[in-house]
Amino acid sequence: MMSNISISTVDLYLTGSCNYKCEYCYGESDTSPHMTYDTLMNCLNFAEYICADTIELCGGEPLISPLFETAVLEARKKGFKVIVRTNGILLEQYMDLVAHNCEWVGVSLDGLAEINAKMRPSRQRLTIEEQFDIPIKNIKKLKQINPNIKIILATIATAENYDEILNLMDFVFNSNLPVDKWKIYQFIEDKFRSVVYSKKYALSSEKFLYLKTHMPETLPSGGKIIMQSADADGAGGNCLLVSHNGTIKILDEYYGKIGQDDYQSICSNLKTGSVIKYIQQNKKVTYV
Ligand code: SF4
């Protein structure tokens, strides 16, 4: 039996681990371990049940998960499109897998080398330049291997970097970086973000508007630059995120646990939740 809810994309939180230690990370105190194989397969079965067509792999840094390759291949085997959200550093080791099996790859950069490294400090021994150059090199390589793969650049606009994003824009345009979309998120102080550093990074609406008025609407590729302000519909609860242990909790609402609760009861809970339409809206804006 199939469900009667319609959600196109299921986001799988493969791991809480990350090779970066961004202060503003929404998972700053996250110590959740890697998703297990059984949970992964249960999640893919659930995604089939709700007739989703896309699996988005995220974390933490999903490429750190020992199950990353399995997750991509099992999702493809079941006919899902696959999206990966990554900081781009570890892509080299999965280059062919990602290039040939993923529809979209989201890579995060918060500015040119110096401000990017300040915002997104690495746990690895990388220079400031390497932290910027490696994701750029990997984006180009993905496009070389598969010109049809789509790249979305993701940037968090905060009080620390908002005016430096204009320098990143110059770089993107002048270097003809092959990105298909660029999504820039306004960082706001809320309970789902970093508790410790929220105030430091919170960006006022005035400053976000300043940035918006200085950004073009389209990239050299013709793709859109999306400025996601905090008051946009669905900005807070914008995906059906399944945690490493199968729990579905969106914002503060608990919807069930895959592998423990039956699919029908999870779907009934989701159906009565307030976030469904926002989930759909957000995915459309981001990837279509
Ligand atoms: S790269 Fe992403 S998941 Fe990793 S610490 Fe930074 S914000 Fe968090």
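Helix H1 is followed by Cys 51, whose phi is positive, near 65 degrees. The model is predicted: local features need pLDDT of at least 70, side-chain atom pairs count only at pLDDT 80 or more, and totals for chains, interfaces and linings use all residues. Residues are numbered from 1 along each chain as its sequence is written. Helices (H or I, at least four residues) and strands (E, at least two) are DSSP runs, numbered from the N terminus.

H1 covers residues 37-49. Its 13 residues, at 1.5 Å a residue, should span 18 Å; the expected span is 1.5 Å times one less than the number of residues. The end C-alpha atoms are 18 Å apart, which agrees.

The buried residues of H1 are Thr 39, Leu 40, Cys 43, Leu 44, Phe 46 and Ala 47. A residue is buried if 20 or more other C-beta atoms, placed from the backbone, lie within 10 Å of its own, exposed if 12 or fewer, and partly exposed in between. Seen down the axis of H1, the buried residues fall within an arc of 160 degrees, so they line one face of the helix. The arc is that of the directions from the helix axis to the C-beta atoms. These residues pack against strands E1 (9-15), E2 (54-59) and E8 (240-242), and against helices H2 (68-77) and H9 (263-272). Contact requires C-beta atoms, placed from the backbone, within 7 Å.

Glu 206 lies in helix H8 (residues 205-214). Glu 206 is exposed, because 7 other C-beta atoms lie within 10 Å. Glu 206 and Gly 59 are 147 residues apart in sequence and 31 Å apart in space, C-alpha to C-alpha.

Methods: Two residues are in contact if their C-beta atoms, placed from the backbone, lie within 7 Å.
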